[in-house]
Amino acid sequence: MTTGTTAADLLIHPRWIVPVVPEGQVLEQHSLAIRDGVIIAIVPRAEAAGIEAAEQLELPCHALLPGLVNAHGHAAMALLRGYADDLPLMPWLQEHIWPAEGAWVSDAFVRDGVRLAALEMLESGTTTCSDMYFFPEVAAREYLATGLRAQLAFPIFDFPTAWGSGPDDYLAKGLALRDELRHEDRITVVFGPHAPYTVGEDTLARIATLAAELDVPVHIHLHETTAEVLQAVEATGERPVDTLQRIGLLGPRTQCVHMTDAGRQDIELLAATGAHVVHCPQSNMKLASGACPVTRLLDAGVNVALGTDGAASNNDLNLFNEMHSAALLAKLSTGDASALPAARVLTMATLGGARALGLEQRIGSVEPGKQADLIAVDLSGPAQQPVYNPLSTLVYACTGGEVSHSWVAGRAVLANGRPLQLDRRAVLSRAEDWRARIQAGPRQGGPGNADKETS
Ligand SMILES: CSC[C@H]1O[C@@H](n2cnc3c(O)ncnc32)[C@H](O)[C@@H]1O
Ligand SMILES: [Zn+2]
């Protein structure tokens, strides 16, 4: 290396960089250098000559920003997209989704479902996802292969499912998986108790103790509907969030998914304990569950992340769509057009997600020293032109299809709109196979047979 130059593996020259920190900033005609998977420099284009790079990439019409963080989903449910629509939460779950999962979920279902979900997420700008679903060991293998970063929230219920026989079994399997994957940089394994209405207080208290001892996050559906809250109050005399607080399960490691029913006291409690909220606006609207009071949470100092939920209730895994919906829903539900502006919603979809998942030191913004989890978005199309303000264009005028490149820890995972580690045709063909089999009718013999049929 010549004196005065910096060595990089990759030097990117985009039209704009949206670093997210500070919120609202847009850098024009700057270059970004990556070495060993880490962002090492962001400099004005004119100064990029001082950086010697093994590879350079010109992106003349693109915005470069942090990869999006989908902070809540059930990836393999991509195979149940469109299986049951236009229903409220409980009939949807109890009469349609849980019976289908009982009949079809197996390791092969999860393998093919995660591949489909990973393909959709990568093509629409997500580089990190949180996945709460059965057979997380299979999902982990797929995330390692496809290049995505993932938090796996291993499922815990008080009753048996395809993946476990009861709380002891779920906890043993989940913690063994966490141990097995402890050296994998891109994967974290956390507790995933499904909800307070499917996991009793004894099990939740056990999880609280283990989570504190091991310093492991807890990801839980919470206050998804007002009916859930009212039923809990009737049965226990407490709102679920108060139960979690009483048993020690509410704190900076807790990721509360949904929170559509959150009054002033709930919000104060979340803020005081440092718990995170994952907002899933499209799933909440489609199931008519309610609207999370995002602006009041943010005003109170609660970190809010953004998630799609599963494709069976959204019905996509596209965080560009989710950002757009989050902004519009906030404006509609508060009657305030200035609620949740573009810069704020982009923070939720990046740094807010990273913070909720305990990854803020590593990802969520474009800053030297952070992992190079980045996406490039081509803003030259007719639906994006003219670009007065790239933040506005990204949130209000993009659909995800404009994402051309993405990198996770500096490794290219999408180039020219195509995934590099996934066989797109094979993934789509497997999804169609599952659709045909599921639509043909209930499978006899229980989970397990699907492995032999599709591997
Ligand atoms: C712990 S494995 C995931 C489990 O959750 C179910 N699920 C999917 N979407 C929702 C939702 O919006 N609320 C509650 N539960 C949901 C999924 O079908 C799995 O059984
Ligand atoms: Zn969910």
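**Getting to know the model**

Colleague: D86: buried or exposed?

Modeller: D86 is exposed, at a relative accessible area of 71%. Buried means under 20%, exposed means over 50%, and partly exposed is in between (1.4 Å probe, protein chains only). This is a predicted model: local features need pLDDT of at least 70, side-chain atom pairs count only at pLDDT 80 or more, and totals for chains, interfaces and linings use all residues. Residues are numbered from 1 along each chain as written, chains are lettered from A and ligands numbered from 1 in written order, and side-chain values use heavy atoms, without hydrogens and water.

Colleague: What is phi of D86 near?

Modeller: Near 60°. That is a positive value, and D86 is not a glycine. Most residues other than glycine have a negative phi.

Colleague: And where is D86?

Modeller: In the loop between β6 (68-70) and α1 (89-104). Helices (H or I, at least four residues) and strands (E, at least two) are DSSP runs, numbered from the N terminus.

Colleague: Where does N416 lie, then?

Modeller: N416 sits in the loop between β16 (411-415) and β17 (418-419). N416 counts as exposed too, with 62% relative accessibility.

Colleague: Switching to peptide bonds. Is V21 to P22 cis or trans?

Modeller: Cis, with omega near 0°. P22 is in the loop between β1 (6-17) and β2 (27-28).

Colleague: What about N314 to N315, cis or trans?

Modeller: That bond is cis as well, and omega is near 10°. N315 is in the loop between β13 (304-306) and α11 (319-334). In general, most peptide bonds are trans.

Colleague: Zooming out. How many helices and strands does the protein chain have?

Modeller: There are 15 helices and 17 strands.

Colleague: What radius of gyration does the protein chain have?

Modeller: It is 22 Å. With 455 residues, a compact globule would be near 23 Å, so the value agrees. The radius is taken over C-alpha atoms, and the globule rule is 2.2 Å times the number of residues to the power 0.38.

Colleague: What box do the C-alpha atoms fill?

Modeller: Roughly 65 × 50 × 45 Å, along the principal axes.

Colleague: How many of the residues count as buried?

Modeller: Of the 455 residues, 58% are buried.

Colleague: Which percentage of contacts between residues at least 6 apart in sequence join residues at least 24 apart?

Modeller: The figure is 72%. Contact means heavy atoms within 4.5 Å.
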